[in-house]
Amino acid sequence: MAKINYQNLPSTTTPLNATNLNSMQETITSQALSSLLVNSWATNGYNKVIKDNNIVHLTMSVRYGTAAKILTLPAGYRPSSTVILPSYNGSVGNLVTVGTTGDVTVLDSSQIGSSVCFSTTYTTD
């Protein structure tokens, strides 16, 4: 991937424009994320992972899992350090972790079998 010139000076090799900005993003769609779900977790709405250079935006809404592990993110989409974030199921809050191994896990086992919704942004290595 060519370097992007973020300065106010024009670049003859890689001008900064909408096309270049969009090409820097990689996206895992809801359908592709569904194939990564484990332990009977099912999609419950909008799920998306967008990688913008080394910044990942993860949004998920899943339900009915039988164990704490929701999915494992592929290499390149894993955080550089473990992320702990709040989640919500419509009536109760919970915590979810995104580990450096890519495992996305519900911390409160009482939430297994219900809906879990969360969104986070983190950096990769």
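**Exercise 1. Find the residues that Arg-78 is in contact with, leaving aside its neighbours within four places in sequence.**

Step 1. Settle the term: contact means heavy atoms within 4.5 Å.

Step 2. Go through the partners. Arg-78 is in contact with Thr-72, Leu-73, Thr-100, Thr-101, Gly-102, Tyr-122, Thr-123 and Thr-124.

Step 3. Know your model. This is a predicted model, where local features need pLDDT of at least 70 and side-chain atom pairs count only at pLDDT 80 or more, while totals for chains, interfaces and linings use all residues. Residues are numbered from 1 along each chain as its sequence is written, and side-chain values use heavy atoms, with hydrogens and water left out.

**Exercise 2. Place Arg-78 in the chain and decide: is Arg-78 buried, partly exposed or exposed?**

Step 1. Look for the element. Helices (H or I, at least four residues) and strands (E, at least two) are DSSP runs, numbered from the N terminus. Arg-78 sits in the loop that lies between strand S5 (69-72) and strand S6 (83-88).

Step 2. Apply the cut-offs: buried means under 20% relative accessible area, exposed over 50%, and partly exposed in between (1.4 Å probe, protein chains only). Arg-78 counts as partly exposed because its relative accessibility is 28%.

Step 3. Check the side chain. One of its polar atoms lies 2.7 Å from the backbone oxygen of Leu-73. The backbone oxygen of Thr-101 is 3.1 Å from a polar atom of the Arg-78 side chain.

Step 4. Arg-78 and Val-104 are 26 residues apart along the chain, and their C-alpha atoms are separated by 9.7 Å.

**Exercise 3. Describe the whole protein chain: how many helices and strands does it have?**

Step 1. Count the elements: the chain has 2 helices and 9 strands. From the N terminus on, they run α-β-α-β-β-β-β-β-β-β-β.

Step 2. Consider burial. Of the 125 residues, 36% count as buried.

Step 3. Finish with contacts. Among those between residues at least 6 apart in sequence, 54% join residues at least 24 apart.

Note on methods:
Polar contact = N/O pair within 3.5 Å; in protein donor to acceptor, adjacent residues only side chain to side chain.
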